[in-house]
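Good morning, and thank you for joining this group meeting.

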Amino acid sequence: MKEYHLKTIKQFVVAGSIAGSAALLSACGGSEQAAGIAPNVYTDSLFAVMKADRTNYTKLVVKRLGPAGAGAVKPDEHWEDIPNGTLLPAQMFRAGAEAVAEMTDDFTYSLQSKWPINSQNAPKTEMEKQGLEYIAANPGENFYGEETLGGVTYYTAVYPDVAVSDACTTCHNEHKDSPKTDFKLGEVMGGVVIRVPLKSS
Amino acid sequence: MMPYLSYLAVLIVAAMLAACESKEQQLLAEGQQIYQKNCKVCHAQGINGAPILGNRKMWSARAEQGKETLVEHAIDGFGLMPAKGGKADLAKADIEKVVAYMLSQLD
């Protein structure tokens, strides 16, 4: 595998691989030497945070305070029109992605599907399509690739988003804008796409 | 006469042990297959907090409950884990094989 340095994280000494870690550790003396991180370790780490936040929002807010719990908030697609409305987890996720996009171009992420309710969430690049195909055909596996867009080479990772409860399948299958109406529990419904610009060293 | 008999006995015991061993291997291999088809989608990634295959940290407290309880939880559903992972047609024996396989990955 080629070695990459991601633009933004040269300052950090993070071991991307066992082979690299000895060199990185010995570079700790404060020299200007760039410390690399394998791009998949970087995107995996970003995804771990996204996944934890999404699960926690679902578990600690939507489930606990929603109709299945205290009934204090109402998770709804049109949450803005409801005084105690709160975002669906997918919308919360997108709100996060949009807030990040306002802050930085160093990475972008989105929740996509080949069968999106919101057509904005359809894959756009060839690699996104390929990635979504791959994770649907290989449940539990991630997809990693490189693509060049507008002259910039990106590392693109795609992580599966799974129908974890009947709520996922029922809402999507019955939604008027859903192009697919037979999602099943445990099925890969879409994926999180994380894209990072690369600078080949 | 005697040495032959004991030699034979050793052979038989060895053969029986080998058979046990391969029976167990066989069950684990079946468990792995069922896992890949039905459970991996969540348990490879930790989707919704599913304990990741082979991750001792995530499994230790759960594994302490014992295989019986884990099988029960996998069949009935448990917290954010849907009953049988959403595959209603899986038999109890299937779930038992997967749980044995999952536990074997912690050794």
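Predicted model: local features only at pLDDT ≥ 70, side-chain atom pairs only at ≥ 80, totals over all residues.

Let us begin with the interface. The size of an interface is often given as the accessible area lost when the parts come together. Here, chain A and chain B bury about 1,300 Å² between them, and 59% of that area is on carbon and sulfur atoms. Which three residues of chain B supply more of its buried area than any other three? They are B:V41, B:Q45 and B:N48, with 45% of the area that chain B buries against chain A. In terms of residues, 15 from chain A and 14 from chain B take part in the contact.

I turn now to the polar side of this interface. One salt bridge is found across it: the side chain of B:K40 meets that of A:E141, at 2.8 Å from N to O. Four residue pairs are in polar contact across the interface. On the side of chain B that touches chain A, there are six nonpolar residues, six polar residues and two charged residues.

Finally, the cavity. Rolling a probe the size of a water molecule over the atoms shows where empty space is left. The structure has one cavity of 30 Å³ or more, and the largest cavity holds about 30 Å³ of space. What lines the largest cavity? Its lining consists of A:K114, A:W115, A:L132, A:I135, A:A136, A:V188, A:M189 and A:G190. In chain A, α4 (126-137) and β7 (188-200) each supply at least two residues of this lining. By class, the lining has six nonpolar residues, one polar and one charged.

Terms used
Residues numbered from 1 in each chain as written. Chains lettered and ligands numbered in written order. Heavy atoms only, no water. Contact = heavy atoms within 4.5 Å. Buried area = accessible area lost by both parts, 1.4 Å probe. Salt bridge = Lys/Arg side-chain N within 4 Å of Asp/Glu carboxyl O. Polar contact = N/O pair within 3.5 Å; in protein donor to acceptor, adjacent residues only side chain to side chain. Nonpolar A, V, L, I, M, F, W, Y, C, P; charged D, E, K, R; others polar. 1 Å grid on protein atoms, 1.4 Å probe; cavity = no way out; pocket = protein on both sides within 12 Å on 5 of 7 lines; lining within 4 Å. Points joined across faces, edges and corners; volume = space filled by probe spheres on them. Helix = DSSP H or I, 4+ residues; strand = E, 2+ residues; numbered from the N terminus.
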